[in-house]
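Please read the following explanation with the structure open beside it.

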Amino acid sequence: MLGIVFTTLVDMLEEKISPEFADEVLVEADLENEGAFTAVGYYPFSEMEKILAVLVNKTGQSADELLYGFGEYLFGVLAKAHGEVMTGKITILDVLESLDNDIHVQVRKLYPDADLPSFKVMSRTQNSIELEYHSQRDLFKLAEGLIDGAAKHLGNVVTHHVQSTNEPHTYIIRVDME
């Protein structure tokens with residue numbers, strides 16, 4: 001998993017709660033690297049799972065709630081760091097339509113070993129989009145948070161619905177602009 005995801009999570013914990021809390025979480029998670037993440041590094045997903053388990057325990061929030069909130073926060077960081085990938089995107093639907101064929105292509109140029117989810121456009125109208133989301137990690141709640149973070153960034157109001165499919169690790173995400 002990309003290091004920027006880990007460093008952003010630590011930054012969010014420090015900002016929203018406290019640096020001491022972030023340190024406690026990293027210590028309690030008993031990480032292989034003791035929480036010494038770099039934005040350009042790659043780390044096993046199991047390390048994120050350890051951090052998430054500690055956060056569930058310490059906050060009382062579900063993993064889904066935590067992932068969603070982190071996704072919203074993460075979008076803001078990614079937009080600041082890599083705003084060029086948003087060039088020409090007017091609405092959240094434009095962003096979502098270009099994920100696999102544009103944005104993820106740009107991400108892979110920066111991070112060639114990135115294991116990114118796939119977003120296949122199933123249908124698109126002026127006010128809605130339906131995507132097939134596939135990720136071995138089943139982080140659709142993180143994806144939902146990223147979607148809502150992007151919508152807010154662009155000044156769009158959206159609703160979305162996620163439905164599992166018969167295919168493992170695959171979901172249909174429908175996003176409607178209001």
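**The sheet and the helices**

An open sheet is built from 4 strands in the order E1-E2-E4-E3, with antiparallel pairing. Helices (H or I, at least four residues) and strands (E, at least two) are DSSP runs, numbered from the N terminus, and two strands pair if DSSP finds at least two bridges between them. This is a predicted model, in which local features need pLDDT of at least 70 and side-chain atom pairs count only at pLDDT 80 or more, while totals for chains, interfaces and linings use all residues. Residues are numbered from 1 along each chain as its sequence is written, and side-chain values use heavy atoms, with hydrogens and water left out.

Strands of a sheet pair through backbone hydrogen bonds, either parallel or antiparallel. Strand E2 (residues 128–134) and strand E4 (residues 170–177) run antiparallel and are joined by 7 bridges. His 134 stands opposite Thr 170 in E4. Helix H7 (residues 140–154) lies across E1, E2, E3 and E4 and runs at about 165° to E3. Such angles run from 0 to 180 degrees between N-to-C directions; axes are lines fitted to C-alpha atoms, for helices over the stretch in contact.

Helix H1 has 14 residues and reaches 20 Å from its first C-alpha to its last, close to the 20 Å expected at 1.5 Å a residue; the expected span is 1.5 Å times one less than the number of residues. Of its 14 residues, 10 are buried, so H1 is largely enclosed by the rest of the structure. Buried means under 20% relative accessible area, exposed over 50%, and partly exposed in between (1.4 Å probe, protein chains only). Among the buried residues of H1 are Ile 4, Phe 6, Val 10 and Leu 13. The buried residues of H1 pack against H2, helix H3 (45–59) and H4.

The axes of H1 (residues 3–16) and H2 (residues 19–28) come within 6 Å and cross at roughly 135°. In this contact (heavy atoms within 4.5 Å), Val 10, Leu 13 and Glu 14 in H1 meet Pro 19, Phe 21, Ala 22, Val 25 and Leu 26 in H2. By class, the contact has 7 nonpolar, no polar and 1 charged residues.

Where is Thr 91 placed? Thr 91 is in the loop between helix H4 (63–81) and helix H5 (92–97). Thr 91 is buried, with a relative accessible area of 17%. Leaving aside neighbours within four places in sequence, Thr 91 is in contact with Arg 124, Leu 154, Asn 156 and Met 177.

How values were computed:
Ala, Val, Leu, Ile, Met, Phe, Trp, Tyr, Cys and Pro count as nonpolar, Asp, Glu, Lys and Arg as charged, and the others, Gly among them, as polar.
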